[in-house]
Amino acid sequence: MTASHSDSLVVLFGATAGAYGAKLGSDERELILLVWQVVDLHSKKVGTLHKSLVKADNLELSDQCREVSGLTPEGLSKAEPLDRVLQQFSQLVSSDLKLLGRSSYTLCTDGQLLIRQALHPEASKKNFLLSDCFYSFYDLRKEFHACYPNSAPVKDQTIKSMAEYIGLETDESEEDFGVWQVKTMVAIIFSMLSETCNCRFTDPETVKYKYETGPCSKSEAVDSETVIRARGLPWQSSDQDIARFFKGLNIAKGGVALCLNAQGRRNGEALVRFVNPEQRDLALERHKHHMGSRYIEVYKATGEEFLKIAGGTSNEVAQFLSKENQVIIRMRGLPFTATLEDVLGFLGPECPVTGGKEGLLFVKYPDGRPTGDAFVLFSCEEYAQNALRKHKEILGKRYIELFRSTAAEVQQVLNRYLSTPLIPTLPTPIIPVIPPPYTIAAGSIRDCVRLRGLPYTAGIDDILEFMGDATADIKPHGVHMVLNQQGRPSGDAFIQMKSSDRAFLVAQKCHKKMMKDRYVEVFQCSGEEMNFVLMGGTLNRSGLSPPPCLSPPAYAAFQTAAAVIPAEAALYQPQALLSTTRTPQASAAAPPTVTYYPAQAAQLYMNYTAYYPSPPVSPTTVGYIAAPPAAVAAAASATHTPMLPQPGALVRMQGLPYNTGMKEILSFFQGYQYAPDDYNGLIQLNDQARSVLQAPKEWVCL
């Protein structure tokens with residue numbers, strides 16, 4: 001019998017302080033035992049059987065480990081650490097090979113878990129290098145199944161089942177733990193080497209030395225059974241950090257795709273593509289393993305998700321990423337006037353860029369304008385580290401951010417900017433799903449209650465359960481959740497009751513009652529007070545404070561037109577969020593109006609709140625649906641309110657010089673058709689909001 005890679009095998013068995021068997025390495029526990037023996041494939045002779053205990057940093061043993069291995073923390077405390085044990089392993093194997101007259105060997109293990117899930121991850125965490133012999137090994141289960149095709153599937157094989165299949169009689173109780181396993185594996189190998197089987201060990205498993213970067217095309221076929229999603233990553237982690245987390249498993253070339261959020265920054269997630277489904281399944285076993293002090297969640301993902309993040313179609317990007325084994329650095333915040341020479345001069349001679357100007361890629365909008373981002377290639381880690389030391393140094397009048405990047409991030413950033421429209425369009429007008437008959441009532445009658453201190457996870461159902469029997473006295477659509485300016489629960493809610501007496505009883509009965517793990521305060525209040533809070537005002541012991549979007553004179557009249565709502569609430573029917581105008585001349589049933597409220601004023605003045613409808617329909621998310629254009633037009637015509645002629649008619653210009661005038665703006669938009677009327681006639685604003693929009697820093701054009 002001959003082997004193409006070596007003339008000997010080293011049969012290796014190991015155990016950790018935690019799980020055993022099919023779950024070996026899944027709990028991040030350290031190795032505590034290694035047993036091995038050299039087998040000469042030609043003469044069928046064996047070397048000395050060696051057993052070595054390993055001292056772990058954490059000597060606490062699981063119950064299963066104690067029961068199966070018979071080892072104790074006291075015995076392990078006298079052992080050597082893993083790196084020294086592996087040095088002894090190499091020395092003893094070399095000595096045994098000389099006695100047998102052999103020079104090369106390949107490891108042979110029971111399955112892949114010992115090498116891929118235990119040995120490599122632990123060595124990576126402890127920052128020591130493994131010798132070359134641990135990057136190639138034979139999986140005895142696969143070799144056995146290839147030799148005996150009618151045996152059990154590979155994943156169901158065990159040392160005992162393989163021995164029983166070929167008729168080996170062994171008694172596990174007669175040998176020490178680990179010794180029996182190695183002796184039985186050697187006997188199985190000799191059986192496979194017999195003339196009847198004539199098995200040849202010629203195709204070993206391999207572990208990649210390092211992760212290889214590279215581009216990915218959107219036209220490439222990606223098997224969904226090879227992709228996972230890692231969540232909870234540190235924001236500064238790179239593709240190499242993720243590859244290190246999955247050390248021992250083979251990631252496909254260019255198979256790490258860091259996900260970006262809407263602002264182009266990393267969101268703590270990554271999609272990772274492995275070379276085959278077997279490697280992916282092993283990766284899923286690392287769910288909640290740690291990267292530093294953070295645990296990482298690992299879930300299944302699809303090939304479509306991976307291509308959406310990592311795939312690209314740009315020839316320019318493909319050419320940029322065609323240089324293999326390069327370290328990619330992202331530069332952010334470059335002056336818009338920066339040139340290739342400026343960037344090369346900023347990096348300096350200590351950071352030579354691969355290929356000079358060809359190793360630089362500026363990110364641009366579809367019309368060729370620069371975004372301030374660029375990617376740079378370096379041929380080695382040393383040059384990349386020198387570049388990273390220039391983080392936040394000045395180029396021109398701006399400081400430049402530098403951080404590690406990946407091929408997938410290059411694709412994502414380019415795809416995002418290339419798909420950005422030249423003139424952003426306004427969102428489709430939206431209106432509440434609340435039926436028109438149900439509006440927030442106003443008045444001084446104290447027929448409402450305020451709930452303060454709600455758990456942030458509380459929903460409508462939790463509030464109804466908290467109210468108990470009193471839910472029968474809630475007005476239809478009378479539960480109003482107060483949201484903060486991020487659209488998340490603020491911990492407050494208002495309940496409209498059928499009468500002030502019912503509101504008083506609820507406040508007495510439910511005050512400081514527990515909801516989940518928090519007590520909730522319940523106060524009686526009026527519809528007027530409720531409306532002020534929903535508008536962004538505050539209600540406390542000292543009384544009412546007006547919403548910050550309203551000046552004191554407007555507060556007294558509470559005119560709807562004075563309110564400023566953020567961009568997400570563009571083109572609401574105002575009575576859905578605001579109370580009706582309370583003036584002596586106010587009509588009892590004022591017709592609805594449709595108004596566009598500018599986003600900038602909202603950011604300055606409005607602590608945006610919204611509310612939820614309650615019984616008989618009680619959704620647990622904010623429910624808004626796109627308004628049909630006809631409905632919006634009808635609402636506008638009913639009150640003769642000027643409307644924007646079409647979505648996308650309004651654009652906002654940011655970053656203008658302070659001395660910019662109307663002439664410069666009109667010149668900038670030369671060639672585009674714009675409305676000749678002044679925008680003030682189309683937008684209902686209060687004086688504060690109008691002063692913000694008229695500030696020379698930012699203009700709104702039609």
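This is a predicted model: local features need pLDDT of at least 70, side-chain atom pairs count only at pLDDT 80 or more; totals for chains, interfaces and linings use all residues.
Local features were taken at pLDDT of at least 70 and side-chain atom pairs at pLDDT 80 or more, whereas totals for chains, interfaces and linings use all residues. Side-chain values rest on heavy atoms, without hydrogens and water, and residues are numbered from 1 along each chain as its sequence is written.

Helix α16 spans residues 500-510; helices (H or I, at least four residues) and strands (E, at least two) are DSSP runs numbered from the N terminus. Its buried residues are Ala503, Val506, Ala507 and Cys510, buried being under 20% relative accessible area and exposed over 50% (1.4 Å probe, protein chains only). Viewed down the axis of α16, these residues fall within an arc of 100° and so line one face of the helix; the arc is that of the directions from the helix axis to the C-beta atoms. Asp501, Gln508 and Lys509 are exposed on the other side of α16. The cover over the buried residues includes α15 (460-467) and the strands β20 (448-452), β22 (489-497), β23 (513-515) and β24 (518-525). Lys512, which follows α16, has a positive phi near 65°.

Asp7 is located in the segment before β1 (8-16). Asp7 is buried but has no salt bridge, and Arg102, the nearest side chain of opposite charge, is 4.3 Å away; a salt bridge requires a side-chain nitrogen of Lys or Arg within 4 Å of a carboxyl oxygen of Asp or Glu. Residues touched by Asp7 (heavy atoms within 4.5 Å), not counting those up to four places away in sequence, are Asp40, Leu41, His42, Arg102, Ser103 and Ser104.

Key
Lys and Arg count as positive and Asp and Glu as negative; His and the chain ends are not counted.
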